[in-house]
Structures are given as structure tokens and as C-alpha cells.
Amino acid sequence: MLIDLDKIPAERIAALDSSGNKVSYGDICTLSAAVKQSVGERSLCFMLVENTAGALAWVMASLASETLVPLILNVKTEAGLLQSLMDTYKPAYLCVPETFALEQTCDSNEVKAEFGYRLIRTANPLCALYPELSHLLPTSGSTGSPKLVRHKYANIEAAALNISTFFELKASDRPLLVLPLYYTMGLSVVFSHLKVGATVLITGLNMTDRLFWSFIKTERATSFTGVPYSFHILNLMRFMRMDLPDMELLTQGGGKMPTDLNLKFAEFCQQHGKRWIATYGQSECTARMAWLPPKWAIEKVGSIGIAVPNAELSLQDSDGNEILTPHTEGEMCYRGKNVTMGYARQQSDLALGDERGGFIRTGDLAYRDEDGCYYIVGRMGRFLKLFGMRVGLDECEQIVQTETGAECACVGTDEKMIVYITEAQKQEQVKQVLVEKTHIVATSFEVRIIPEIPKNETGKKLFKQLPNK
Amino acid sequence: MNNLEKYNEIFANVFGAQPDQLGANYCKENVSEWDSVHQLNIISEMEDAFDLMLDPEDIVACTSYEAGKDILRRNGVEI
């Protein structure tokens, strides 16, 4: 069975949520068998999830059934966007919370109800699905793109093995899962912990909610996995003044964290006998691809570290030759069994096989140091040539953030860089700082004020929504 | 500026709220913008305005205009 779920004692709890619902490993195996029996042929299913034990059970049971192939989506997906995905992919099944309002025509076709979720047969016919296709994830939660990432069962096995190995996960672990199940890193927390028979503490509560903190304390969470934004909130919540003796591991992924905040958590963990592990990953690779071992957390702060076990990172120059010398920038490439098969843009793509063969160009520009630790410089393409000088947009954002404290997003053309900030009073200062640090004439920068920097729900900036001239 | 005016100014800064909007009904449930980030902003403005260092317990309790006043009183601010 997938990640040997049936080898874990059946009565052990796989997931416990902040409403007190529990599912055991046995529950997941039983549900999986039931799904397999009632669905029969391999079918596409839109699974609209909340962060609950029931949703986790349905996701894992579907995957383990190798029969129901889920596209995992936020239950709060905007109705128009959901409809356009339905029109594009025409799923044969829907799996939704019992409280979810459906059109009446759907209501009568309930196949199964369990753990607060209902499985419903739609009027759509079955479509061709590649035999190894395990699940689909959206590439963007909010912009309405129908582009999905196609995963295979071997990706799940590889992610579960690699991640549980380098985090040294064990059956007694009780990871806190605040990242959503429809997000690659959230799912990877589930895969890697169920692989070792741990109990996932799952919640959709807000971090400023009193119940969130009582859940952590009562259930004695042993680890926390977050994106930079989560740690920003934890910091504001005075996490470092809290007494959480069971919390032994903090892990971060989902984008570069500001250096000062990264260092603050690294130092806090070192002083308090906890592990701080920064990671790097992409949804195209079933989440984690690199990790910075805790011994380097402070010394090499900002580095993404080394490849996860059983995988390989490399650098290529613009001619596609491998770069072997340290401190030389090139496009970072990755080889490993967690590399997904490719994208889907329409229903017929679901029949496609593996287009990548375990290798991917990440689109990130990076270099490595003498110890083999990698450092991301920026996205390929996130560079401008101003007066013939190559200027990194991500680097400029870092400068503005560090020097002025202003949150910003840089876009532009080779004519001019457009810097978007939200604080009008810093307009002049931001321009000055950029001129000082880059030594490029002031007319190359235009600083614009907007009410808010557009971001997706994991906090990544949506540059495409900002005019670049 | 007295303490109440200082306190009201925090809500003007965070939500753009006018003093006549503020009262017993001004709370997380009724104010759609009141999410975790806004809640944390209120706390950090309170710390700056009244020179306090508030606890996690205060942050989670800060879910209404009146609750914020209670937090200030608990921390020795007369309001």
C-alpha cells in the first residue's frame, strides 16, 4: 500500500484536528478499500478541503486507493473559478464537506459519506487518466489559472522517504499542520509523517486565535512547519517568550525568509535546544528539494543548503554546461524521484505520461559555496539590464526591505525599474537607497505607491498583477 | 491627548475608524477587516502608544474595541 500505511498499527491515530476529530491509520485503510470498491474504475475527483482530520483521511484514502485521483482544492475556492475548473476538467466525482452547498442535481448522487465529507458522482463521464497519475494540485490558488501539477504515486513515496529521513521523523512526533492540504508543502508534512506512523495535528484556526494556542499546548505539538509569513506572525505573537517544551523542530519553506527574521529564529532555536531547518522546494517537485542542516543554520543563514537525500542539485551555465566551480552563478537544476510528471492545462493532458523523467530546471539562479551549500540569487528572468548593467529585482527588494523597512515589489523593463511600495512617506528614501546601493542614475527608478502588494495565500508576490512600465 | 484619544487614534490608524463608530459593537465579528494581521497591528500600536510590552495572552484576547481597553487596564493604563 502507498507509503506502507497498512503496516502501521491500525488503532494508532494518524490525524487529530482542533475540533477534536480523530482518524486512525486503520480508518484511512478502511476508507481507502471502500473508495476503491464503490468507485471501481480510476476517476477524477475534485476534493474541496478544509484543514480537518476528515479531509486528511479522504485525501490519503483516495491516494492509497489508486482509484480516485483527486485535484485537491481549497473549499473556499471562489465559485466562478471552481466552475471554470469544472468546465475544463469535468470531474466524475466531487468530494466536499457535508456543510458544502451543492446544486440539487448533484445531491441525489451521493456515493459515500464519512468523516464529515460526502463523495458525489457528477453527470460527467469518466476520462482517460495516466495509470501512474496520483493527484493534481493547482499552480496558483487565487489567480484562476487552470494549470495543474501532475503528480505520480512514486513522487509521494519519494517525498515521504526523503523528508522523513532528513528531518529524522519518528512515530512519537506530533507535527502541527497549519499549511493547507491543497498546498504542496502541507501535503508533504502529511506524507512524511504518516510514513513513520506519527500523529498529525491539523488545524485551520488562525494563529491569533486563543484556541490555536491551546490546541498546540494541550496536544503537545512537537514541530511546526511554516512559510515566511507564518514565522512573521509567530514572531509578532511573541513565540520566543512562550513556554513550549515539546516543540522541538521548526521548519520553514515556501520562499526566502528575510535574513533578520531567519537569524532570529535560528538563534532562538540554538539557544533553546530546538532544531531550525530552512528548506527549499517547488510544487513541481512534491515540495522539499533542499535543506539547510541545523549546524549551518546561523553560519550560512539565507542558504537553501544541500539536496534532500536521494536527490541531486546542480548548476548550469547559459549554454547548458554544468558549473563545477564554487561561487559561480547558474541555473539550478534538480534530479530526484520527487520531480513531478509535468503540467495539465486541459482534461486530455491527464492521460499524459512523465514528461520530465526525474529532472527539472528550477528557473532559479543560484551559486554554491565550498561546502556545497546552495544560495538562490533570484528567479531567472527576474533581472533587468539598466544601462547595460544586470540588476536583480529580488536583490533590489531585499535592499529596500533591509534599508528602509518598506515592503516592496520590483518589476520593470530594461528602460526603467518600477518599485511598488505601500508607505507613501518612504517614496523618496526608497529611491535614494536604490541609487546609493546600485550606483545607477535615479531616473532609472520609479517608486509607485499602492495600497497593498498583491500576494497569493502563501505570501508569494504576484508580480504579474503589477504593471511593469 | 488623553488616553482614550490615544486609544481611539490606534483604531483610526489601523482601520481608518472614526471615534463615533467605536463602541461595544466594534469587534472582530462585526468588522470584516479585523483579521490576524490587523489584530497584531492594534497590539503593536498599543505597545508604542502606551510604552507597554504585551503578552501572547493579550494578543489573542484583543478581539474587540472594549477588550483592548481591558488589556490596557490590566497593564496599568487608566482608560
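Predicted model: local features only at pLDDT ≥ 70, side-chain atom pairs only at ≥ 80, totals over all residues.
# Reading a two-chain model

User: Where is A:E66, and what is its phi?

Analyst: Helices (H or I, at least four residues) and strands (E, at least two) are DSSP runs, numbered from the N terminus. A:E66 sits in the loop between α2 and β4 (68-74) of chain A. Its phi is near 55°, which is positive although the residue isn't glycine. A:H327 has a positive phi too, near 60°, and you'll find it in the loop between β17 (312-316) and β18 (330-335) of chain A. With 10 other C-beta atoms within 10 Å, A:H327 is exposed.

User: Which residues touch the most other members of the largest nonpolar core?

Analyst: Think of a core as a set of buried Ala, Val, Leu, Ile, Met, Phe, Trp, Tyr and Cys residues joined through C-beta atoms within 7 Å. The largest one here has 132 residues, and A:M47, A:L56 and A:A57 touch the most other members. Helix α2 (residues 53-65) of chain A gives the largest share, 10 residues. Apart from that core there's another of 16 residues, including A:C408 and A:I421.

User: What does A:V430 touch?

Analyst: Contact means that two C-beta atoms, placed from the backbone, lie within 7 Å. Leaving out residues up to four places away in sequence, A:V430 touches A:V400, A:T404, A:A406, A:C408, A:V419, A:I421 and A:V447. A:V430 belongs to helix α11 (residues 427-438) of chain A, and it's buried, with 21 other C-beta atoms within 10 Å. From A:V430 to A:C408 is 22 residues in sequence and 9.4 Å in space, C-alpha to C-alpha.

User: How far apart are the C-alpha centres of the two domains of chain A?

Analyst: The bounds come from an automatic or database domain assignment, which here gives domain 1 (2-377) and domain 2 (381-465) of chain A. Their C-alpha centres lie 31 Å apart. In the contact, 12 residues of domain 1 of chain A meet 8 of domain 2 of chain A.

User: At what angle do α1 and α2 of chain B cross?

Analyst: Two packed helices are described by the angle and the distance between their axes. Axes are lines fitted to C-alpha atoms, for helices over the stretch in contact, with angles running from 0 to 180 degrees between N-to-C directions. Helix α1 (residues 3-15) of chain B and α2(B) cross at roughly 145°, their axes coming within 10 Å. B:I10 and B:V14 of α1(B) are among the contact residues, as are B:I42 and B:M46 of α2(B).

User: Which helices of chain B supply at least two residues to the side touching chain A?

Analyst: Those are α2 (36-50) and α3 (56-61) of chain B. Overall, 7 residues of chain B are in contact with 11 of chain A.

Methods. Residues numbered from 1 in each chain as written. Chains lettered and ligands numbered in written order. Buried ≥ 20, exposed ≤ 12 C-beta atoms within 10 Å, placed from the backbone.
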